[in-house]
Amino acid sequence: MKLIGTIDKPEHKGFVAKIYDNREWGEFVVKYLEGSLLLPEVTWTHTSDKQDAFDTANSELSHLARNKGNKRG
């Protein structure tokens, strides 16, 4: 996979998205990190559309930032 973009904005409170082009599978993969910690693969986004990958990454980062510190249970 080839890294094609990184989204790292202050308003995302330490969450980062890295967007990859996975040519082997014909898809774009978005991996999420909190600081330097890679979030589990179950959180990753897979899509066949490059713009969708970037749009979804921004949306998910906003969601993660809004819910930072909230405990599930």
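Here are some friendly notes on this predicted model, point by point.

1. Ground rules. Because this is a predicted model, local features need pLDDT of at least 70 and side-chain atom pairs count only at pLDDT 80 or more, while totals for chains, interfaces and linings use all residues. Residues are numbered from 1 along each chain as its sequence is written, and side-chain values use heavy atoms, with hydrogens and water left out.

2. The core. Let's start inside: the largest nonpolar core has 11 residues, namely Ile7, Phe15, Ala17, Ile19, Phe28, Val30, Tyr32, Leu39, Ala53, Ala57 and Leu61. A nonpolar core here is a set of buried Ala, Val, Leu, Ile, Met, Phe, Trp, Tyr and Cys residues joined through side-chain atoms within 4.5 Å. Buried stands for under 20% relative accessible area, exposed for over 50%, and partly exposed for what lies in between (1.4 Å probe, protein chains only). The elements giving two or more residues to this core are β2, β3 and α1; helices (H or I, at least four residues) and strands (E, at least two) are DSSP runs, numbered from the N terminus. In soluble globular proteins, nonpolar side chains tend to be buried together.

3. Which residues does Ile7 contact, leaving aside its neighbours within four places in sequence? They are His12, Phe15, Val16, Ala17, Ile19, Phe54, Ala57, Asn58 and Leu61, where contact means heavy atoms within 4.5 Å.

4. The salt bridge. The structure holds 1 salt bridge, defined as a side-chain nitrogen of Lys or Arg within 4 Å of a carboxyl oxygen of Asp or Glu. The partners are Asp21 and Arg23, at 3.3 Å from N to O. Asp21 counts as buried because its relative accessibility is 15%, whereas Arg23, at 70%, counts as exposed.

5. Lys31, a buried charge. Lys31 lies in strand β3 and is buried without a salt bridge; Glu41, the nearest side chain of opposite charge, is 7.6 Å away. For charges, Lys and Arg count as positive and Asp and Glu as negative, with His and the chain ends not counted. Lys31 also lies over the face of Tyr20, 4.9 Å from the ring centre; the rule asks for NZ of Lys or CZ of Arg within 6 Å of the ring centre and within 35 degrees of the ring normal. Beyond four places in sequence, the contacts of Lys31 are Met1, Val16, Ala17, Lys18, Tyr20, Leu38 and Trp44.

6. Glu27, another one to look at. Glu27 is found in strand β3 (residues 27-34). Glu27 is buried yet has no salt bridge, and the nearest side chain of opposite charge is Lys31, 9.6 Å away. Not counting residues up to four places away, Glu27 touches Tyr20, Asp21, Asn22, His46, Thr47 and Ser48.

7. Lys13 and Lys68. Lys68 lies in the segment after α1 (50-66). Lys13 and Lys68 are 55 residues apart along the chain, with their C-alpha atoms separated by 8.0 Å. Lys68 touches Lys13, Phe15 and Glu34, not counting residues up to four places away in sequence. Lys13 counts as partly exposed because its relative accessibility is 48%; Lys68 is partly exposed too, at 40%.

8. Trp25 lies in the loop between β2 and β3 and is exposed, with a relative accessible area of 64%. Leu37 is found in strand β4 (residues 37-38) and, at 55%, counts as exposed.

9. Aromatic pairs. How many aromatic pairs are there? The count comes to 0, with rings of Phe, Tyr and Trp (its six-membered ring) pairing if their centres lie within 6.5 Å; planes under 30 degrees apart would count as stacked, over 60 as edge-to-face and the rest as tilted.
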